[in-house]
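Here is a short report on the fold of one protein chain. It goes domain by domain and then turns to the helices between.

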Amino acid sequence: MLEVSVLKLLLVEDNPGDARLIEEALADAGDDNFELEHVEDLASGGACLDSVEYALVLLDLDLPDSVGLETFQQMRTHGPKTPFIVLTGLNDEGLALKAVQLGAQDYLIKGETDGHLLVRAIHYAIEREQTQQKIKALNADLERRVEERTQELAEANRALAHINEELRELDRMKTSFIRVTSHELNTPVTVILGMLSLLEQHDPEQSNSWERALKVARRRATSLKDLVTRILKISQAGEYIQRLDRADINPEKLVRRVASEAMPYITLRGQTLEVELTKELPLVSMDFAKILDVLLHLTMNAVKFTPDGGTITISVTPRDGAALLFAVSDTGVGFQKEDVGHVFEEFFSSFDSEHHSSGDYEFGKRGIGLGLAIAKEFVEMHEGRIWLESRPGKGSTVQFELPAEPTEAAEAE
Ligand SMILES: Nc1ncnc2c1ncn2[C@@H]1O[C@H](COP(=O)(O)OP(=O)(O)OP(=O)(O)O)[C@@H](O)[C@H]1O
Ligand SMILES: [Mg+2]
């Protein structure tokens, strides 16, 4: 058997005649599934709604303690999910309609209500309110999910932006790595080529220089091989940070090495190389390969930008404040005035493409413009500084200074 639950109704009506009419209409309809409770003012109606859950409220808008729309609005605060049917006189239909706009489910005109109409209105009102409440709940749920999803998306966006930044950083590091290593690869090749040209012009009487050239070429070929192995390891590990491989170095040994490696080009160009060393230079902590690269590069620049027969001077002096000063001077063309502020920028390109010839050491041949930028990078990795002085038409001096004692920050690298 179908079980029908009893619906509790609340009637708020101060006029006993009107209240009786409602009670009679319900009785007439013969629907005894309703249980009607009757109160006569707003205060009692509100108190009832606060304590009991009603299936529906039948509400007269004109009560002793409240009049008009206010009555509905007040009662609604006590039963925000309860369906309301507003009871109104013939003249108040407009007011009743406003109550419907504000959330009442229906209105009935007093005296025109028979039992069947009333029961139907009650059932419809209950049904509509339930549907509206479901829609509201669904909407709220949907909004909550949209909000959650929006937050998730914002979170995912932030994560993506972060990954993007990391990828960009990796890309920057890789680009810088390629730039530096291609330059580093070039250095031993330059030395080997120099030694080969020495061997080509070799005088059989001087087996000494022949042996020396072979020795240097072999040493540089080995360093080239080591460099390639290091590059492969770095790219396998995906760790593109340039690190210093420090040791205590005798600056004289470094300069002698540069002089012997640059010598074939100096000889070819009929230039003179002078080495000025202060006696008893201190051992200095540095990455030998990198500072050798810097000094050799400055010397090769001097060779390129000094006419045949010119003089190149490499000097090392201890400086006040326990620093070491390296200088490479030449009697060449000097830096052009407008270039001086830019030559340490990478791919410095004021050069005329007709004069561009990488790896070529004839007078005035410019390369790709990386050498000085990388020299600056290597010197700064040692916490040193590099600068130049130019005497246009007469020559130039590029100097760099290394701190004798690395700071703790540099040590931690
Ligand atoms: N000793 C020098 N005298 C005059 N100009 C120089 C000297 N050294 C460098 N320059 C100028 O500075 C520019 C930049 O030098 P850098 O060593 O960076 O590049 P590069 O020698 O042209 O090419 P790369 O070194 O990449 O093969 C040179 O092209 C040249 O114009
Ligand atoms: Mg150069």
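## Overall layout

This is a predicted model. The chain is divided into two domains: domain 1 spans 7-113 and domain 2 spans 245-413. Their C-alpha centres lie 99 Å apart.

## The sheet of S1 to S5

Five strands form an open sheet here, in the order S2-S1-S3-S4-S5. The pairing is parallel. S2 and S5 (106-109) stand at the edges, and each has a single partner strand, so one side of each is left without a neighbour in the sheet. Neighbouring strands are turned by 20° against each other on average, direction ignored. Helix H1 (residues 16-28) packs on this sheet and touches S1, S2 and S3. The direction of H1 makes about 175° with that of S2.

The pairings can be followed strand by strand. S1 (residues 7-12) pairs with S2 (residues 34-39) over six bridges, in the parallel sense. Within that pair, leucine 9 has leucine 36 of S2 as its bridge partner. S1 is also joined to S3 (residues 56-60), by four bridges, and these two strands run parallel. There, leucine 10 stands opposite valine 57 in S3. Four bridges then link S3 to S4 (residues 84-88), again with a parallel run. Aspartate 60 faces leucine 87 of S4 as its opposite residue.

## Helices H2 and H3

How do H2 and H3 lie relative to each other, roughly parallel or roughly antiparallel? Helix H2 (residues 42-51) and helix H3 (residues 69-78) pack at an angle of about 20°. Angles under 35 degrees count as roughly parallel, and H2 and H3 are therefore roughly parallel to each other. Their axes are 8 Å apart. H2 passes H3 in a right-handed crossing.

From H2, the contact takes in Leu42, Gly45, Gly46, Leu49 and Asp50. From H3, Thr71, Gln74, Met75 and His78 meet them. By class, the residues of this contact divide into three nonpolar, five polar and one charged.

## Helices H5 and H6

Helix H5 covers residues 115-200, and helix H6 covers residues 207-237. The two pack at an angle of about 160°, with axes 9 Å apart. Angles over 145 degrees count as roughly antiparallel, and H5 and H6 are therefore roughly antiparallel to each other. Their crossing is left-handed.

Which residues make the contact of H5 and H6? H5 supplies Thr181, Glu184, Leu185, Pro188, Val189, Val191, Ile192, Met195, Leu196, Leu198 and Leu199. H6 supplies Trp210, Ala213, Val216, Ala217, Arg220, Ala221, Ser223, Leu224, Leu227 and Ile231. The contact of H5 with H6 has 17 nonpolar, two polar and two charged residues.

## The sheet of S7 to S12

This open sheet has five strands in the order S7-S9-S10-S12-S11. Its pairing is mixed. S7 (272-277) and S11 (385-391) are the edge strands, and each pairs on one side only. The twist averages 15° from one strand to the next. Helix H7 (residues 251-268) packs on the sheet and touches S7, S9 and S10 (323-330). The direction of H7 makes about 175° with that of S7.

S7 and S9 (residues 311-319) run parallel and are joined by six bridges. Threonine 272 stands opposite threonine 311 in S9. Further along, glutamate 276 has serine 315 of S9 as its bridge partner. S9 and S10, by contrast, pair in the antiparallel sense, over eight bridges. In that pair, isoleucine 312 is partnered by aspartate 330 of S10.

## In brief

The two sheets each have five strands and are open. The pairing in the S2-S1-S3-S4-S5 sheet is parallel, whereas the S7-S9-S10-S12-S11 sheet is mixed. H2 and H3 are roughly parallel to each other, while H5 and H6 are roughly antiparallel.

How values were computed:
Residues numbered from 1 in each chain as written. Chains lettered and ligands numbered in written order. Predicted model: local features only at pLDDT ≥ 70, side-chain atom pairs only at ≥ 80, totals over all residues. Domains from an automatic or database assignment. Axes fitted to C-alpha atoms, helices over the stretch in contact; angles between N-to-C directions. Parallel < 35°, antiparallel > 145°, perpendicular 65-115°, else oblique. Left-handed = near helix turned anticlockwise from the far one by under 90°. Contact = placed C-beta atoms within 7 Å. Nonpolar A, V, L, I, M, F, W, Y, C, P; charged D, E, K, R; others polar. Pairing = 2+ DSSP bridges.
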